[in-house]
Amino acid sequence: PGAVIYVMARPAGQTAGPPIGVVRLPAEGFPLRFELGDSMAKELARELGTERGEQWTSEWQTLAELGRPLDAVMTGEQLFPHSGFLRRETAKVVDKAGVDAEQAWRGVTSPILPSLAKAIAALWMRHPEPPPVAVGRALDACRGGLLPLRGDAEALRELVLEKLTGAGGEARVGKVRELTTSWGKISSVIVGNEEIGAGQVVAAIPPREVAALLGKKAPKKISELGESTRVVGYRYTINIVLDAAGVPDAMAPTVFVLDDPARPPCNDNAFSVHCGEPDDSGHVVVSLAAVLATQGPIDDEVLRGRSQELRVALLTKLDDVMPFYDRHVVVGHSPYDGLPPSTPSGPGTYEAPKGMPLPMRPVMSGELADTAGTGALAYPSPFKNLTFTGGQILPQLGLEGELCAAWNAARIAAGIAGKKRDFLRDEVVAGS
């Protein structure tokens with residue numbers, strides 16, 4: 001029952017290969033196949049007929065333009081400045097973009113396209129509530145082809161870590177137990193049993209967690225920042241190792257799956273499938289990523305139980321996308337749900353890596369002013385040397401938001417260190 005939508009995205013720059021997408025839309029009365037990319041207009045005209053194809057193409061183009069006004073803000077010297085003349089000028093641009101996006105969204109005539117567009121944006125941005133501006137930026141990215149995103153951007157984090165350590169930095173892995181303060185600054189970070197001096201701290205964790213690490217010394221402003229945001233879900237991923245024969249020939253590297261456009265694009269209703277390349281032994285890693293929607297932060301044990309239920313639902317629905325995949329499974333494991341690695345015959349001889357399960361990454365939402373609904377948290381903090389960053393800054397812009405937040409955090413940190421220009425080229429500022 002209901003509509004089943006599969007949208008498959010070819011990597012950016014790839015012009016040949018298997019069909020990109022299959023969309024079954026009972027509400028429209030026909031099956032539809034189309035490609036996300038430069039040839040989409042031609043594909044839609046072939047499948048829908050010239051008149052309806054042109055209508056879909058025109059409305060898709062309109063929605064895709066909604067996020068363009070943010071280009072100047074996202075690529076500027078300061079990302080959403082919080083004071084002075086630049087803030088006022090930025091607010092004018094962003095507020096107008098938000099109003100125009102709302103009006104354009106209401107003008108779409110297709111009964112299916114808005115739901116499909118929102119689902120694509122939600123899956124690509126990894127957020128269940130993308131505003132119209134974020135939907136526009138996602139659709140604009142689709143026209144050029146989406147880049148493969150393995151394992152929730154883990155490859156990007158590995159690259160950043162490699163650059164930091166290669167430039168003389170040091171990586172330390174451990175649980176932060178406490179933050180100590182002195183004269184209005186965070187003076188040190190206690191990791192395990194070791195106290196590490198902190199010239200600057202860049203925190204990609206929610207303000208509530210920062211307040212917990214500060215204990216009784218947590219200023220009221222930290223609590224206020226925490227109250228200005230809300231947790232709307234957690235990111236879940238399960239990785240499956242298959243024999244290459246278990247991957248359909250027409251399978252694209254990135255697959256978006258939506259069960260019912262009338263339901264919110266989260267939980268088992270919407271998820272993405274990311275296929276890697278076969279290794280020397282003929283095995284392929286397939287990653288399933290979804291957002292487990294919640295009404296706020298939930299207890300670890302409850303979250304673990306819900307993630308286990310989500311795992312079962314995702315693997316059940318994966319059979320619709322990859323028929324008979326279960327006949328080729330070598331091992332499957334999620335670092336989040338606390339279940340042991342599974343094989344077709346049971347737990348097998350595989351053991352989970354140490355330190356499992358990992359905490360699931362929260363998905364934040366908020367009402368930060370002058371961001372057209374894309375922002376949850378401000379950068380400034382009550383401490384002179386504490387800067388917030390990560391997916392909590394612009395959560396509804398996904399990976400693009402994380403990249404821009406990281407750039408701005410680096411700019412702020414380097415400015416404090418006395419590097420006003422070429423800070424990424426001249427100096428590396430890193431912290432735990």
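What you see is a predicted model, in which local features need pLDDT of at least 70 and side-chain atom pairs count only at pLDDT 80 or more, while totals for chains, interfaces and linings use all residues. Residues are numbered from 1 along each chain as its sequence is written, and side-chain values use heavy atoms, with hydrogens and water left out.

The side chain of Lys96 meets that of Asp100 in a salt bridge of 2.8 Å, N to O, and Asp100 is partly exposed, with a relative accessible area of 33%. These two residues both sit in helix 4, residues 84–106, four residues apart, which is about one turn of the helix. Helices here (H or I, at least four residues) and strands (E, at least two) are DSSP runs, numbered from the N terminus.

Arg137 counts as buried at 12% relative accessibility, whereas Asp71, with a relative accessible area of 32%, is partly exposed. Asp71 and Arg137 are also linked with Glu400 in a network of salt bridges.

Another salt bridge joins the side chains of Arg311 and Asp337, at 3.1 Å, N to O. Arg311 belongs to helix 10 (residues 300–321) and Asp337 to the loop between strand 12 and strand 13, so this pair ties together parts 26 residues apart in sequence. Arg311 is buried, with a relative accessible area of 6%, and Asp337 is buried as well, at 0%.

Three strands form an open sheet in the order 4-5-6, with antiparallel pairing, where two strands pair if DSSP finds at least two bridges between them. Strand 4 (176–182) and strand 6 (194–197) stand at the edges with a single partner strand each, so one side of each is left without a neighbour in the sheet. Four bridges join strand 5 to strand 6, and Ile190 stands opposite Glu195 in strand 6.

In strand 5, which covers residues 185–191, we find Ser188, a residue that counts as buried because its relative accessibility is 3%. Which side chains does the side chain of Ser188 reach through polar contacts? One is that of Thr180, at 2.2 Å, and another is that of Glu195, at 2.7 Å; a polar contact is a pair of N or O atoms within 3.5 Å, where within protein one must be able to donate a hydrogen and the other to accept it, and residues adjacent in sequence count only if both atoms are side-chain atoms.

In the loop between strand 4 and strand 5 lies Trp183, which has a positive phi of about 55° although it is not a glycine, and which is exposed, with a relative accessible area of 83%. By way of background, most residues other than glycine have a negative phi, and most peptide bonds are trans. The bond from Met356 to Pro357 is cis, with omega near 0°, and Pro357 lies in the loop between strand 12 and strand 13.

Finally, a search of the whole structure finds two aromatic pairs, meaning rings of Phe, Tyr and Trp (its six-membered ring) whose centres lie within 6.5 Å, with planes under 30 degrees apart counted as stacked, over 60 as edge-to-face and the rest as tilted. Trp124 and Phe256 form a tilted pair, 6.4 Å centre to centre and 50° between the planes, which links Trp124 in helix 5 (residues 113–125) with Phe256 in strand 9 (residues 254–258), 132 residues apart. Both Trp124 and Phe256 are buried. Tyr236 and Tyr336 also form a tilted pair, 6.4 Å centre to centre, with 55° between the planes.

How values were computed. Buried < 20%, exposed > 50% of the residue type's maximum accessible area, 1.4 Å probe, protein only. Salt bridge = Lys/Arg side-chain N within 4 Å of Asp/Glu carboxyl O.
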